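This report walks through one protein structure, residue by residue and then as a whole. Please look at the sequence and the model before reading on.

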Amino acid sequence: MRKPVVAGFFYSLDENGLKREADKAFEAAEGKAEPSKKTIGVLSPHAGYLYSGKTAAAAIASV
C-alpha cells in the first residue's frame, strides 16, 4: 500500500481530523446539489479538501 505522501499538507494527518474535514465539506455542500435518480456516478475534483472538498462533497451527495 502506498503511504500518504501529502497527509498533513492538503488534508489532515490523523483519522479524526480527516473525518472532521470530510464532515465539514459535506455540511457546506448540503443543499447545493439535488440528488438525481438519473445520475450513476460523478467525476470528482481532488485538490485537497481545503481547495475542492466542498465541490467534491456536492458532487458525491448528488448521486
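## Ala47 and its surroundings

Leaving out residues up to four places away in sequence, Ala47 touches Phe10 and Ser52, where contact means heavy atoms within 4.5 Å. Ala47 sits in the loop between helix 1 and helix 2. Its relative accessible area is 37%, so Ala47 is partly exposed; buried means under 20% relative accessible area, exposed over 50%, and partly exposed in between, using a 1.4 Å probe and protein chains only. From Ala47 to Tyr11 there are 36 residues in sequence, and their C-alpha atoms are 9.6 Å apart in space.

## Basis of the values

The model is predicted: local features need pLDDT of at least 70, side-chain atom pairs count only at pLDDT 80 or more, and totals for chains, interfaces and linings use all residues. Residues are numbered from 1 along each chain as its sequence is written, and side-chain values use heavy atoms, with hydrogens and water left out.

## The chain as a whole

The protein chain has 2 helices and 0 strands. Both kinds of element are DSSP runs numbered from the N terminus, with helices being H or I of at least four residues and strands being E of at least two. The C-alpha trace spans about 35 × 25 × 15 Å along its principal axes. Of the 63 residues in the chain, 22% count as buried. Among contacts with a separation of 6 or more, 61% are between residues 24 or more positions apart.

The accessible surface of the chain is about 5,300 Å², and carbon and sulfur atoms account for 59% of this surface. These areas come from the Shrake-Rupley method with a 1.4 Å probe; for residues, only the protein chains shown count as cover.

## Tyrosine pair and Leu18

How many aromatic pairs are there? The count comes to 2 aromatic pairs. The rings of Tyr11 and Tyr49 have centres 6.4 Å apart and planes at 50 degrees, so this pair is tilted. The pair links distant parts of the chain, as Tyr11 is in the segment before helix 1 and Tyr49 is in helix 2, 38 residues apart. The rule takes rings of Phe, Tyr and Trp (its six-membered ring) with centres within 6.5 Å; planes under 30 degrees apart are stacked, over 60 edge-to-face, and the rest tilted.

Tyr49 is partly exposed, with a relative accessible area of 33%. Leu18, in helix 1, touches Tyr11, Ser12 and Tyr49, not counting residues up to four places away in sequence. Leu18 is also partly exposed, at 29%.

## The salt bridge

Side chains of opposite charge can pair when their charged atoms come close. The structure holds 1 salt bridge, meaning a side-chain nitrogen of Lys or Arg within 4 Å of a carboxyl oxygen of Asp or Glu. Asp23 forms a salt bridge with Lys19, and their closest N and O atoms are 3.1 Å apart. Both residues lie in helix 1 (residues 15–29), 4 residues apart, about one turn of the helix. Asp23 has 34% relative accessibility and therefore counts as partly exposed.

## Ser62

Is Ser62 buried or exposed? With a relative accessible area of 12%, Ser62 is buried. Ser62 is placed in the segment after helix 2 (49–61). Its contacts, not counting residues up to four places away in sequence, are Ala33, Glu34, Pro35, Ser36, Thr39 and Val42.
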